[in-house]
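Visitor: Could you zoom in on one helix pairing for me and walk me through the geometry?

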Amino acid sequence: VTDPEVPPAVIEPLRSDHDVEGFRNRESSIEEFLRHRAWRNDQQNLSRSYVCRSAEVPPPPILGYHSIAMGRIALTDLPKEIQPLELDLKHLPVAILARIGRHEVAPKQIGDVLMWDVFRRVSEAANRIGCVGILLHAINRPKLIDWYKGWDFVTVGHVAKEPEERQAMFLELSLIKKALELPPE
Amino acid sequence: LLVSQPIRRLIETETVMALKYMPQFEREPQPRGSESTYDRVPADLELRGQEAATIVKLIVSQRQPSASLRSKLPFRR
């Protein structure tokens, strides 16, 4: 930390002593996953969760978090025009962005910080074990889907119409890497 | 991993102060054994036909980051 007057904030792997009980989000699936499932998933190697927290207020409140896991997209009945690409197109490995959310009183920019962190971690994972992009299943709220589109995610598959449905969205790895390499503004 | 200066400033001026005065409250615990969406990592995806082709085209595309994505650069650590 270069400026002692400014409290530091960190993004770090979820620990058992993080204040998950104090995390609040309007979506119960976001809130409850962190409070009840994320740590257990970590212990069982099912997903990894990372929290953004302030270091200044004891106990450090969680400002936001994301959880990522490995998954795949199965492709069938591909049209003939795709075949000449000569890729192994039956199953594509992807990173699944299982959850991302900020505390209900945290500034919305925390979400942007978290998504950059997702980009960086997925890019590093892809360098080591390979994956073609990020897949997520968005809560079907127009503002939320627009926020993902602002990150260049593209809707794929069934178009969600009902509020309880999830909208699948995808972002390819090549674009993630280009974004990470953009010069700072 | 430190967040950028603008975000740290935001945290100081907005979030931390808000959290200091946030009332504490409890919620009903989830009943044991009940299944809900919070308990699951979203499933994988299966695509067919033209939807499957869309994914392949995205993977081999040469898309460039949009202006919207570029606008988020100040928050890249």
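At roughly what angle do the axes of helix 2 and helix 4 of chain A cross?

Guide: First, this is a predicted model, so local features need pLDDT of at least 70 and side-chain atom pairs pLDDT 80 or more, while totals for chains, interfaces and linings use all residues. Residues are numbered from 1 along each chain as written, chains are lettered from A and ligands numbered from 1 in written order, and side-chain values use heavy atoms, without hydrogens or water.

Now your pair: the axes of helix 2 (residues 109–129) and helix 4 (residues 173–181) of chain A cross at roughly 120° and come within 10 Å. Axes here are lines fitted to C-alpha atoms over the stretch in contact, with angles from 0 to 180 degrees between N-to-C directions; helices are DSSP runs (H or I, at least four residues), numbered from the N terminus. That angle makes helix 2 of chain A oblique to helix 4 of chain A (under 35 degrees is roughly parallel, over 145 roughly antiparallel, 65 to 115 roughly perpendicular, the rest oblique).

Who touches whom (heavy atoms within 4.5 Å)? From helix 2 of chain A, residues including Trp116(A), Phe119(A) and Val122(A) meet a helix 4 set that includes Leu173(A), Ile176(A) and Leu180(A). The contact residues split into eight nonpolar, two polar and two charged (Ala, Val, Leu, Ile, Met, Phe, Trp, Tyr, Cys and Pro are nonpolar; Asp, Glu, Lys and Arg charged; the others, Gly among them, polar).

Helix 2 of chain A also holds Asp117(A) and Arg121(A), four residues apart, about one turn. Asp117(A) and Arg121(A) form a salt bridge, closest N and O atoms 2.6 Å apart (a Lys or Arg side-chain nitrogen within 4 Å of an Asp or Glu carboxyl oxygen). Both are buried (under 20% relative accessible area; exposed is over 50%, partly exposed in between; 1.4 Å probe, protein chains only).

Technical notes
Helices (H or I, at least four residues) and strands (E, at least two) are DSSP runs, numbered from the N terminus. Contact means heavy atoms within 4.5 Å.
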